[in-house]
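Notebook open, structure loaded. I want to go through the rings, the helix, the charges and the surface, in that order.

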Amino acid sequence: MSAPDEMRSVEPETPEVAAARARIRRRRSIALGIALALFAVTFYVLTIAKMGPALFDRSL
């Protein structure tokens, strides 16, 4: 059961609120990007460490 139209009226977003939401979204996106990059670097370093130093002594 949904609410009547009178109760669901949504006021338009002001430019200040829209700008604040955009800033929050941008910060969250940057934080997630940094976290993903750190995650990838961690896996790369751990993989190289697990292979050991013999990995660099092999002939090409």
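I looked up Phe39 and Phe43 first: they sit 4 residues apart in helix H1, so about one helical turn separates them. Helices here are DSSP runs of H or I with at least four residues, strands are E runs of at least two, and both are numbered from the N terminus.

Before going on, two notes on provenance. This is a predicted model, where local features need pLDDT of at least 70 and side-chain atom pairs count only at pLDDT 80 or more, while totals for chains, interfaces and linings use all residues. Residues are numbered from 1 along each chain as its sequence is written, and side-chain values use heavy atoms, with hydrogens and water left out.

Back to the rings. I searched the whole structure and got 1 aromatic pair. It is edge-to-face, because the ring centres of Phe39 and Phe43 are 4.7 Å apart and the planes are at 70°. (Rings of Phe, Tyr and Trp, the last by its six-membered ring, pair with centres within 6.5 Å; planes under 30 degrees apart are stacked, over 60 edge-to-face, the rest tilted.)

The cut-offs are under 20% relative accessible area for buried, over 50% for exposed and partly exposed in between, with a 1.4 Å probe and protein chains only.

Next, the helix. I find 1 helix and 0 strands in the protein chain. I checked the length of H1: its 37 residues at 1.5 Å each should span 54 Å, and the end C-alpha atoms are 54 Å apart, so that agrees. (Expected span is 1.5 Å times one less than the number of residues.) Gly52 follows H1, with a positive phi near 85°.

Then charges. The count is 1 salt bridge, taking a side-chain nitrogen of Lys or Arg within 4 Å of a carboxyl oxygen of Asp or Glu. The partners are Arg21 and Glu13, with closest N and O atoms 2.7 Å apart. Arg21 is partly exposed at 48% relative accessibility, and Glu13 is partly exposed at 47%.

Last, the surface. Ile30, Ile34 and Leu38 make a nonpolar patch with about 290 Å² of accessible area together. Ile34 belongs to H1, residues 15–51. Of its 60 residues, 2% count as buried.

Conventions. Patch = residues over 30% accessible without salt bridge, like charges linked within 9 Å, V, L, I, M, F, W, Y side chains within 5 Å. Areas by Shrake-Rupley, 256 points an atom, 1.4 Å probe, with all protein chains shown as cover.
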